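Q: I would like a close look at one part of this model. Please keep the answer in one connected piece.

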Amino acid sequence: MATLTPTLLSSTGITESSSMVAAGSCGDKFKVSGNRCFIRVTNAAANSRTVTIPNQQGGVDITVLVDTLGNAPANDKMIAFPSIDAFIDADGYININYSAVTSVTVGVFQLP
Amino acid sequence: MTNQTIVPTPMVATGVAQESFIAQPSEATVLYTPSANKDFIVIGSSSGTVTVTVQAISPCNMPLACYQGAGAGKPNDHGLHNFIMSVTSTGTYVEKTFVIPYIDHYVDPSNLDVNGNAQVALACDAGMTTNGKIGIFEMP
């Protein structure tokens, strides 16, 4: 499982796509400071992907369908957390799982 | 003068397709009601440089932080530093995502929304209204 580093949004501006990387084959994880962060997942494949973020407190997982490239812009999803603490595991990470990773990129973004 | 009001798109756990909520501004001034520290803005260009400018309404005690936007730094008629953000395309569509710091200095009491809340006015240049796009998003 690869560890992602959140990109801080700033007043100077960032290019989100430059901060996105290939999804890890065994999933990804990241740590955040504060609760204002979101994940962006883009799928350039001909098959849709499902992104799952497990709830660590027994609640409902976050499950998002990221559509095919042919169904853009639904192939590019930003995912926010209603209550981020519920998704932080015992080691302090939020985990991201993918139904498949081919042609999938991911980025984590943090508001100041 | 006609303004375009944009209601920030709520960021949700079910996912938001960013490009579905980014569009060419229909007017030269875009208004939105900010939520403290929860908003971010995306501007895009398909050709050339596009720029948005936010007039500083009240003095800022931290002027350096108030004009960190690319190309910013010139004070307005009141000696206050505006927030300026640009993005330049050299052929392909490009976007820039940013936050406006110290947003309280940019809310305009002369531009109230239907609930009486002061809005922020984003002045779009000609590039924005011809080759640009803008989207405003709000975190939970």
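Leaving aside its neighbours within four places in sequence, which residues is A:Ile79 in contact with?

A: This is a predicted model, in which local features need pLDDT of at least 70 and side-chain atom pairs count only at pLDDT 80 or more, while totals for chains, interfaces and linings use all residues. Residues are numbered from 1 along each chain as its sequence is written, and chains are lettered from A and ligands numbered from 1 in the order in which they are written.

Beyond its neighbours within four places in sequence, A:Ile79 is in contact with A:Phe38, A:Ile39, A:Val41, A:Val51, A:Ile62 and A:Val64, and with B:Ala13 and B:Gly15 of chain B. Contact means that the C-beta atoms, placed from the backbone, lie within 7 Å.

A:Ile79 is also one of four residues, with A:Phe38, B:Ile43 and B:Val54, that touch the most other members of the 55-residue largest nonpolar core. Such a core is a set of buried Ala, Val, Leu, Ile, Met, Phe, Trp, Tyr and Cys residues joined through C-beta atoms within 7 Å; buried means 20 or more other C-beta atoms within 10 Å of the residue's own.

Strand S8 of chain A covers residues 76–80. Strands are DSSP runs of E, at least two residues long, numbered from the N terminus. This strand pairs antiparallel with S3(B) over 2 bridges, pairing requiring at least two DSSP bridges. A:Met78 has B:Val16 as its bridge partner in S3(B).

Across the whole interface, 27 residues of chain B are in contact with 23 residues of chain A. On the chain B side, strands S3 (16–17) and S8 (94–98) each supply at least two residues, and S8(B) gives the most, with 5.

Terms used. Contact = placed C-beta atoms within 7 Å. Helix = DSSP H or I, 4+ residues; strand = E, 2+ residues; numbered from the N terminus. Buried ≥ 20, exposed ≤ 12 C-beta atoms within 10 Å, placed from the backbone.
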